[in-house]
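Here is a short briefing for a reader new to this structure. Please keep the sequence and the model in view while reading.

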Amino acid sequence: MAKELADKAKEAFIDDEFDVAVDLYSKAIDLDPNCADFFADRAQSYFKLLSFTEAVADANKAIELDPSLTKAYLRKGTACMKLEEYLTAKTALEKGASIAPSDSKFKKLIDECDLRITEEEKDLVQPVPSTLPLSSTASSVSELDLTPAPAAPAKPKHEYYQKPEEVVVTVFAKGISKQNVNIDFGEQILSVVIDVPGEEAYYLQPRLFGKIIPDKCKYEVLSTKIEIRLAKADIITWPSLEHGKGPVVLPKPNVSSEVSQRPAYPSSKKVKDWDKLEAEVKKQEKDEKLEGDAALNKFFRDIYSNADEDMRRAMSKSFVESNGTVLSTNWQEVGTKKIESTPPDGMELKKWEI
């Protein structure tokens with residue numbers, strides 16, 4: 001149960017929820033008060049909350065439970081440095097370095113402690129100047145070193161930009177040697193530690209917005225900046241460098257790689273209803289008033305088109321035998337009786353087309 005709480009505390013720490021991490025580690029410690037790792041990890045959570053005194057207390061407890069736990073010495077040393085207790089910090093860091101001599105972080109922090117201790121000693125031994133006699137004032141002033149002190153190096157700052165496949169983080173730090181730069185890559189973590197001469201070490205340790213591929217990440221230390229290239233694990237747009245500060249933005253599709261499709265627009269032309277059009281033509285032909293031969297031809301065509309088979313045979317035979325002057329509609333009468341058709345409007349009979 002205690003280990004499960006500690007695992008949840010680590011997840012909360014990664015999510016920058018340091019208060020939650022402290023609470024979960026505290027519950028784990030209640031269940032297992034002899035676990036040095038729980039105290040050392042809670043010390044790191046306290047450090048992130050700027051509670052340096054509590055961090056030192058937890059680190060001391062972890063060292064008491066496990067004197068070989070190197071991370072406990074490291075966390076005690078860094079917390080003591082924040083409290084400006086450099087001698088205590090150096091002692092803890094030197095002990096940790098003796099256990100893990102290959103860990104370069106101890107040496108860098110020890111060097112910084114030595115620098116701070118030297119500065120403090122200089123401040124203590126400087127005598128307070130007494131009131132100078134008037135006769136020696138002019139000569140004393142002429143002997144003063146008026147050379148301006150060198151300007152303090154600017155505190156490093158960072159910015160970033162991105163491409164579809166990578167994020168480029170630039171840390172502006174002028175005149176920093178490569179030996180003073182320590183950069184590590186995790187699955188979703190970037191750790192940048194820069195030892196700035198005469199200043200506090202610069203830390204940039206965000207949990208990144210998206211996952212990266214550590215093996216493909218790289219950095220370069222230049223004269224005025226440090227350029228860090230993070231290889232994205234997923235091709236997405238990061239709205240921020242740090243996790244939890246914006247929604248995921250999917251990249252826009254590459255239009256040039258897609259097959260362009262002609263958009264379908266509704267046609268402005270009306271589709272013709274051919275059945276309706278045919279009906280209208282037939283109606284117009286039916287209603288059309290013809291004159292002369294055209295009227296007679298239409299008259300006989302209408303009779304023929306509406307007749308049955310016997311009637312059509314009678315009409316054809318009577319028409320042929322009468323040389324176009326007789327048109328019978330009764331098959332039984334054809335050959336025995338000739339029936340004259342009366343043309344409309346009293347017109348003379350002629351040979352009509354059927």
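K225 is partly exposed, with a relative accessible area of 25%. Its side chain meets that of E227 in a salt bridge, 4.0 Å from N to O. E227 is buried, at a relative accessible area of 16%. The model is predicted.

**The salt-bridge network**

- K225 and E227 belong to a network of salt bridges.
- K163, E166 and R229 are linked into that network as well.
- The count of salt bridges comes to 17.
- Side chains of opposite charge can pair when their charged atoms come close.

**Two further salt bridges**

- R75 forms a salt bridge with D41, and the closest N and O atoms are 3.0 Å apart.
- R75 lies in helix 5 and D41 in helix 3, so this pair ties together parts that are 34 residues apart in sequence.
- R75 counts as buried, because its relative accessibility is 18% and the limit for buried is under 20%.
- D41 also counts as buried, at 12% relative accessibility.
- E94 and K90 form another salt bridge, at 3.9 Å from N to O.
- Both E94 and K90 lie in helix 6.
- E94 and K90 are four residues apart, about one turn of the helix.
- E94 is partly exposed, with a relative accessible area of 39%.
- K90 is partly exposed too, with a relative accessible area of 22%.

**A buried lysine without a salt bridge**

- K108 sits in helix 7, which covers residues 104-125.
- K108 is buried yet has no salt bridge.
- Which side chain of opposite charge is nearest to K108? It is D195, 4.8 Å away.
- Leaving aside residues up to four places away in sequence, K108 touches Q179, V181, N182 and D195.

**A buried arginine in a loop**

- R207 is in the loop between strand 5 (202-204) and strand 6 (218-221).
- Is R207 buried or exposed? R207 is buried, with a relative accessible area of 15%.
- The side chains of R207 and Q188 are joined by a polar contact of 3.4 Å.
- Beyond residues up to four places away in sequence, R207 touches I14, D15, Q188, L241, E242 and H243.

**Nonpolar cores**

- In soluble globular proteins, nonpolar side chains tend to be buried together.
- The largest nonpolar core here has 41 residues.
- Which residues touch the most other members of this core? They are F38, A62, M81, L93 and F106.
- The elements giving two or more residues to this core are helix 1 (2-14), helix 2 (18-31), helix 3 (36-48), helix 4 (52-65), helix 5 (70-82), helix 6 (86-99) and helix 7.
- Helix 3 gives the most, with seven residues.
- M81 touches Y86, A89, L93, L109, E112 and C113, not counting residues up to four places away in sequence.
- A second, separate core has 24 residues, including V171, V192, W238 and L241.

- M315 is in helix 11, which covers residues 309-321.
- M315 counts as buried, at 0% relative accessibility.
- M315 and Y304 are 11 residues apart along the chain.
- The C-alpha atoms of M315 and Y304 are separated by 7.7 Å.

**The chain as a whole**

- How many helices and strands are in the chain? There are 11 helices and seven strands.
- The chain has 354 residues, and 33% of them are buried.
- The accessible surface comes to about 23900 Å².
- Carbon and sulfur atoms account for 53% of that surface.
- Among contacts with a separation of 6 or more, 52% are between residues 24 or more positions apart.

Conventions: Residues numbered from 1 in each chain as written. Predicted model: local features only at pLDDT ≥ 70, side-chain atom pairs only at ≥ 80, totals over all residues. Heavy atoms only, no water. Buried < 20%, exposed > 50% of the residue type's maximum accessible area, 1.4 Å probe, protein only. Contact = heavy atoms within 4.5 Å. Areas by Shrake-Rupley, 256 points an atom, 1.4 Å probe, with all protein chains shown as cover. Polar contact = N/O pair within 3.5 Å; in protein donor to acceptor, adjacent residues only side chain to side chain. Lys, Arg positive; Asp, Glu negative; His and termini not counted. Core = buried A, V, L, I, M, F, W, Y, C linked by side-chain atoms within 4.5 Å.
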